[in-house]
Amino acid sequence: MSSTDHDVDHTLAYPEPPASPLWHRHSAKARPLTDAQRQRNRELLVLAQRTTRPRAPRTTETLAEAS
């Protein structure tokens, strides 16, 4: 079975366009964090690692028993 022009996807025959210039940043770098901001981030990280998230209570019934 030979392929004809109708069977070929012509969009695959062309290379991708170049990436948008908006994707590349050549602006000034972000300001470094102050010592106070770093300390606050450390405190929040420790707090988040210590606290547990509340879980939904589990029922003792199985799905078959609940019906």
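**Close-up views of a predicted model**

**View 1. Asp-35 is an exposed residue.** Its relative accessible area is 59% (exposed, over 50%; buried, under 20%; partly exposed, in between; 1.4 Å probe, protein chains only). This is a predicted model, where local features need pLDDT of at least 70, side-chain atom pairs count only at pLDDT 80 or more, and totals for chains, interfaces and linings use all residues. Residues are numbered from 1 along each chain as its sequence is written, and side-chain values use heavy atoms, without hydrogens and water.

**View 2. Arg-38 pairs with Asp-35 in a salt bridge.** The closest N and O atoms are 3.0 Å apart (criterion: a Lys or Arg side-chain nitrogen within 4 Å of an Asp or Glu carboxyl oxygen). Arg-38 is partly exposed, at 37% relative accessibility. The whole structure holds one salt bridge.

**View 3. Helix H1 carries both partners.** H1 spans residues 35-50 (helices are DSSP runs of H or I, at least four residues, numbered from the N terminus). Arg-38 and Asp-35 sit three residues apart, about one turn of the helix.

Note on methods
Helix = DSSP H or I, 4+ residues; strand = E, 2+ residues; numbered from the N terminus.
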